[in-house]
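Q: Could you walk me through this structure, feature by feature?

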Amino acid sequence: MSQPLPAARSFTRPQPNDDWASIAARELPDVPAEDAVGMLQSWNFHVFMRPASASGNTILPSDIIFLEAPAAEG
Amino acid sequence: MLDIAIRNGRIVDGSGLPAFIGDVGIKDGRIVRVGRITEEATHTIDAAGKVVAPGFIDPHTHFDAQLLWDGAAKPAIEHGVTTIVPGNCSLSLAPLKAEHRMKLVGMFNQIEEMPLKAFKEGVEWNWETFDEFVTRIKKDLSVNVAPLVGHSVLRLWVMGEESMKRCATADEVQAMQKLLAECIEAGAVGLSTSYVDMDETLQPVPSRYADESELDALCEVLSTHDRVLQIVHEFYDADLTVARIDQLAALSLKHGITTTLSPLFVNADDNGAVDKVMKRVKEQMAAGARVWPQVQTRPIDISFCFEVPSLLFIRLPSWYAIMRFGSHEDIVAAFSDPERRPALIAEAETEQMNPLWSRLVLRQVQTDANQGLVGKSLADIAQARGTGLVETMIDLSLEEDLQAHFLSADMGHNDNAKVGALLRDPNVHIGASDGGAHILSFSTYGDTGYLFSKFVRDEQALGLEAAVKKITSDTAAIWGLHDRGLLRAGFAADVTVFDADTIGRGPEYYVQDVPGDGSRYVRDATGVDTVIIGGAVAWSEAAGYTDARRGQILPT
Ligand SMILES: [Zn+2]
């Protein structure tokens, strides 16, 4: 029961009032800020390409935010 | 003296063990004996040549509103279903403050495609709390109901308009915890939430504004009461689905709760997606989590006419906007306008959408002139008329005053070998019928019959005993319905008697039986003989629906 699970595509969950910059700073601290935001957006089209909600921010608190690109097709 | 004796049936008791010939004795709402019965009974059912099974349980429905005017959730019972779970997908009709009623009706209309008029004319709004709602529907109940509480509704009660704008404060989360506990004490089987749905203004539903800590706090309440969490995940994307499985597994392990996600489809364009998802389910289940993906038996068939908005058009903004927000006259005007008409056609004739138009079949019209075209494909009609596909669809709609109904069959989930393998998978929960919802798009009734006709008889994907187990004792175990799902002495007497050679779903047809002169697509059952709920016959093929009102709120 305590076998570690095989890795899946890693993701995080937004914290209250998160935006792309704050997630990038927290999750990709070693990448220059602008690049990190661009990377996050390219991995998360399901959020980035969504029309803005009434609250303005396109990131919803319940979203899944991927921290890496999809695995190459096998 | 027994109330009912079912004699000489082939007993498939829900355990998955081989069938045997025997009798079932029923008294005071309970099964008192399974085997050979010599005792007299007030009512005897001769089940020779038939299967006697526990009543089927449908874990994913939206019968919430219908239960207010129809305590039998017709036609669920005649298909052999004795217990339904409404309140899925973050939406339930309680708890609900008076000032939020129309907001919730708007969401039900948008997401579950329930007509507004049915709510306006079929519903007397005389409840606010969950307890009041349950008391209200209990009065006239012939089917058993295990109701979920919707997360969006909890938020709306506690946060009002703010529920669609932001995360909850610590105080608000605490208020939701207290409210959820009250709902559970009043009879709720669990909590439902959604990560995909949008309201009638195309804004995310309230549950999508909940952060991780809010759901975690609500799961703490589910844990205390041993209740279930249901989610609608991003079912169109395998990576997102896998992420939701991991999220649910973490909640399941932390709180010791059962979780379920629905729906999981077999996508014809990406057959590998479902394998990837099931691989993760298997890994998480093996690690001790309870994460049950729900798989429906029927393929996706969608019907529409331009009188009501159809989700088929959601990717065509101009079309969807007129269907969603335009009146009958607006739609006719747009279709007839010399400038808007070609613009609409151009928007619709895309590489992505063309396969849809060429698949459409004209299924119902109102004029005599077009009656001869019913059953023909839109492509054939277009060719005969010398007009384009979308143009023909518009012309037919105008000729029929928007009452031309089109069917798009086999839109997905129709790879029978693949679906059959899923349905027999021990890690799959058979469900996701959506009973009572989408009533103007397709029939959500008859999935249990289809399990037997298609996957037991035609495909032989699973045996009779295994199929019965999947929709009876497995479902009861997953949902914590402890005295349901098995034919055993002491269990509640919910029993379905059917013919294994003929059980199935009849053809889909359109019927006007919804309050407010509303219509819906339904299917009749075939091969179901008698359905007993709470120890009384609720429906039989010979006599139809009875006066029995033995439905209970579960779990008891
Ligand atoms: Zn649903």
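Q: Which parts of chain B do the buried residues of H7(B) pack against?
A: The buried residues of H7(B) pack against helix H5 (151-159), helix H6 (170-185), strand S10 (190-194), strand S11 (228-232) and helix H8 (238-255) of chain B. Contact means heavy atoms within 4.5 Å. Bear in mind that this is a predicted model, where local features need pLDDT of at least 70, side-chain atom pairs count only at pLDDT 80 or more, and totals for chains, interfaces and linings use all residues. Residues are numbered from 1 along each chain as its sequence is written, chains are lettered from A in the order in which they are written, and side-chain values use heavy atoms, with hydrogens and water left out.

Q: Which residues of H7(B) are buried?
A: An α-helix has 3.6 residues a turn, so residues three or four places apart point the same way. Buried means under 20% relative accessible area, exposed over 50%, and partly exposed in between (1.4 Å probe, protein chains only). In H7(B), the buried residues are B:Glu214, B:Leu215, B:Asp216, B:Ala217, B:Leu218, B:Cys219, B:Val221 and B:Leu222. Just after this helix, B:Asp226 takes a positive phi of about 60°.

Q: How do I read strand pairing, and what does S1(B) pair with?
A: Two strands pair if DSSP finds at least two bridges between them. Strand S1 (residues 2-11) of chain B pairs in the parallel sense with strand S4 (residues 41-46) of chain B over five bridges, and there B:Ile4 has B:His43 as its bridge partner. With strand S2 (residues 20-27) of chain B, S1(B) pairs in the antiparallel sense over six bridges; B:Ala5 stands opposite B:Gly25. S1(B) also runs parallel to strand S5 (residues 51-54) of chain B, joined by two bridges, with B:Arg10 opposite B:Val51.

Q: How much area do chain B and chain A bury between them?
A: The size of an interface is often given as the accessible area lost when the parts come together. Buried area uses a 1.4 Å probe and is summed over both parts. Chain B and chain A bury about 2,000 Å², 62% of it on carbon and sulfur atoms. In chain B, B:Arg208, B:Asp239 and B:Leu240 lose the most area to chain A, together 24% of what that side buries.

Q: Which side chains meet in a salt bridge?
A: A salt bridge is a side-chain nitrogen of Lys or Arg within 4 Å of a carboxyl oxygen of Asp or Glu. The rule finds one across this interface; A:Arg9 and B:Asp239 meet in a salt bridge (2.6 Å, N to O).

Key: Helix = DSSP H or I, 4+ residues; strand = E, 2+ residues; numbered from the N terminus. Buried area = accessible area lost by both parts, 1.4 Å probe.
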